[in-house]
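I opened my notebook for a slow walk through this fold. The plan is to look up a few spots and write down what turns up.

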Amino acid sequence: QVQLVESGGGSVQAGGSLRLSCAASGSIFSINAMGWYRRAPGNELELVARITSGGSTNYADSVKGRFTISRDKTQNTMYLEMNSLKPEDTGVYYCDADVFTRYGSSLRFWGQGTQVTVSS
C-alpha cells in the first residue's frame with residue numbers, strides 16, 4: 001500500500017507563514033501529480049495547488065502570489081509554503097498523489113489532513 005503523511009500545520013496570526021510537508025511511502029513505482037486541498041469549516045473540499053511530475057503548477061486564485069507548491073521527487077515529498085496567511089486560509093489541509101504502484105496499478109491516495117488555523 002501507499003501512505004501519505006502531512007505535517008507542518010498549526011496556529012498562526014494573520015500575516016504569518018507556515019510550511020506544510022507531505023511524505024509518500026510504500027509500494028511506489030512512480031508518482032505523477034500531487035496536490036494540496038483544504039476544507040474550511042462548513043465548506044466543501046477545494047483545490048489549493050497542484051504540481052505535476054514535470055513541475056508544472058496550478059493554484060487556486062485565492063492563494064496565487066502567497067502560496068508556493070514544490071516537490072522533491074527523490075524523496076517522494078511535496079511541500080506547500082504559505083505566506084501572508086489570512087483567516088480565510090483556515091481549514092484542514094490534505095495532500096493527494098496519483099501513484100503508479102509497484103503492483104502495476106494507478107491509484108489516487110490521500111493523507112489524513114493537517115489543521116491550519118489563522119487568527120486575525
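Before starting, I need one cut-off: a residue is buried when its relative accessible area is under 20%, and exposed when that area is over 50%. I also remind myself that the model is predicted.

**Entry 1: Thr101.** I looked for Thr101 and found it in strand 9, which covers residues 91-101. Is Thr101 buried or exposed? Its relative accessibility is 5%, so I noted Thr101 as buried. Next I checked its contacts, skipping neighbours within four places in sequence: Thr101 meets Val2, Ser27, Phe29 and Phe109.

Entry 2: I then traced an open sheet of 4 strands, with antiparallel pairing and the order 1-3-8-7. Which strands are at the edges? They are strand 1 and strand 7, each pairing on one side only. On average, neighbouring strands here are turned by 15° against each other, direction ignored.

- Strand 1 (residues 2-7) runs antiparallel to strand 3 (residues 18-26), with 6 bridges; Gln3 has Ser25 of strand 3 as its bridge partner.
- Strand 3 and strand 8 (residues 77-82) are antiparallel and joined by 6 bridges; here I found Cys22 partnered with Met78 of strand 8.
- Strand 7 and strand 8 are antiparallel too, again with 6 bridges; Ile69 stands opposite Leu80 in strand 8.

A reminder to myself: side chains in a regular strand alternate between the two faces of the sheet.

**Entry 3: the core.** I turned to the largest nonpolar core, which has 29 residues. Which members touch the most others? I listed Trp36, Val48, Phe67, Met78, Leu80, Met82 and Tyr93. Among the elements giving two or more residues to this core are strand 4 (28-39), strand 5 (45-51), strand 7 (67-72) and strand 11 (114-119). I picked Tyr93 for another look: beyond four places in sequence, its contacts include Trp36, Val48, Phe67, Leu80 and Met82. Tyr93 also touches Glu6, Arg38 and Thr114, among others.

**Entry 4: Leu85.** My last stop was Leu85, in the loop between strand 8 and strand 9. Leu85 counts as buried because its relative accessibility is 2%. What does it touch, leaving out residues up to four places away in sequence? I wrote down Val12, Ala14, Gly15, Gly16, Ser17, Leu18, Arg66, Phe67 and Val118. For Leu85 and Phe67, which are 18 residues apart along the chain, I noted a C-alpha separation of 8.9 Å.

Key
Residues numbered from 1 in each chain as written. Predicted model: local features only at pLDDT ≥ 70, side-chain atom pairs only at ≥ 80, totals over all residues. Heavy atoms only, no water. Pairing = 2+ DSSP bridges. Buried < 20%, exposed > 50% of the residue type's maximum accessible area, 1.4 Å probe, protein only. Contact = heavy atoms within 4.5 Å. Core = buried A, V, L, I, M, F, W, Y, C linked by side-chain atoms within 4.5 Å. Axes fitted to C-alpha atoms, helices over the stretch in contact; angles between N-to-C directions.
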